[in-house]
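The sequence and the model are shown first.

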Amino acid sequence: MANQRQEKREPVLQAAQAVFVTNGYHGSSMEDIARTARISKPVLYQYFPSKRELYIELLDLNLRTLTDVLNESTRSTKHNKERVHDAIRAYYGYVARDDGAYRLVFESGLSNDPDVSVRLAAFRADFAAAITQIISEDAQLPLVEAELLGRGLTGLAQVSARFWIEATAEQGRAGLSLDRATELIYRFAWRGISRFPKDT
C-alpha cells in the first residue's frame, strides 16, 4: 500500500519540480502544480499538506542525489588528483542537468528559511569534508588548514559552475563545453593543491 502511494506521488513530485524550476518557489502555487500534474487540488493536498512541505521533500531528494553523485566521484579512484577532477566534473554535471535541479536547490528564494538553510549548510559541510580529506592526504597539511582550503575549493566549484551555466545559457554554442569548463577549474585547483608539499 505504501509503495502504491509513493508511486502516485512520483508524478506529483516531478510536476512540482518543473513548476518550481520555471516559476521559482514564490511564483508557484499549488494550483499550478495540480494542473501540471493533471490532478485536482484536493488530491494534491492529500499527498502534500502545503507547498512548503512539498518543496522541502523535493529539496531533500535533490540534495540526496547530489550528495550521492559527489560521494561516488570521490570513491571512483584512489588517486587524489583524479578525485578532485571527478568531484568538480560531477558538480558541474549536476548543475547542467536538464531538469533544473540546481535551480530548485540553490535558487529557490528560500535560503533564509531555517529548514532550508540548515539543509544547505549540511550539504556544503559534507561536500567540503570530502574535499578536505583529499587535501589533507595529498598536501600533508593539518586538518584545520586543509578544512579552510576544502571550503575554498567547494566555493570555487559552486561559484564558477553557477557563472558557467548562466554564461552558457547566454552564449549558446559559443560558450564553454562542460568538459572544457571543468578541465579549466580542475587544473586551477589542482595546481594550487599540489604545490603545498613542495613549498613546505
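In this predicted model, glutamine 17 belongs to helix H1, which covers residues 2–23. Because its relative accessible area is 10%, under the 20% cut-off, glutamine 17 is buried. Apart from neighbours within four places in sequence, glutamine 17 contacts Leu58, Asn62, Asp99, Ala101 and Leu104.

Aspartate 60 is found in helix H4, residues 51–75. Its relative accessibility of 24% places aspartate 60 in the partly exposed class. From aspartate 60 to threonine 74 the C-alpha to C-alpha distance is 21 Å, with the two residues 14 apart in sequence.

Helix H5 comprises 16 residues, 80–95. At 1.5 Å a residue, H5 should span 22 Å, and the 23 Å between its end C-alpha atoms agrees with that expectation. The buried residues of H5 are Asn80, Arg83, Val84, Ala87, Ile88, Ala90, Tyr91, Tyr92, Tyr94 and Val95. These buried residues pack against H4, helix H6 (101–106), helix H7 (114–139), helix H8 (143–171) and helix H9 (178–193).

As to confidence, the mean pLDDT of the chain is 87, and 93% of the residues score at least 70. Helix H2 (residues 30–37) has the highest confidence, at a mean of 96, whereas helix H10 (residues 196–199) has the lowest, at 56. Where pLDDT is low, predicted coordinates should not be read in detail.

How values were computed: Residues numbered from 1 in each chain as written. Predicted model: local features only at pLDDT ≥ 70, side-chain atom pairs only at ≥ 80, totals over all residues. Heavy atoms only, no water. Helix = DSSP H or I, 4+ residues; strand = E, 2+ residues; numbered from the N terminus. Buried < 20%, exposed > 50% of the residue type's maximum accessible area, 1.4 Å probe, protein only. Contact = heavy atoms within 4.5 Å. pLDDT = per-residue confidence, 0-100. Expected span 1.5 Å × (residues − 1).
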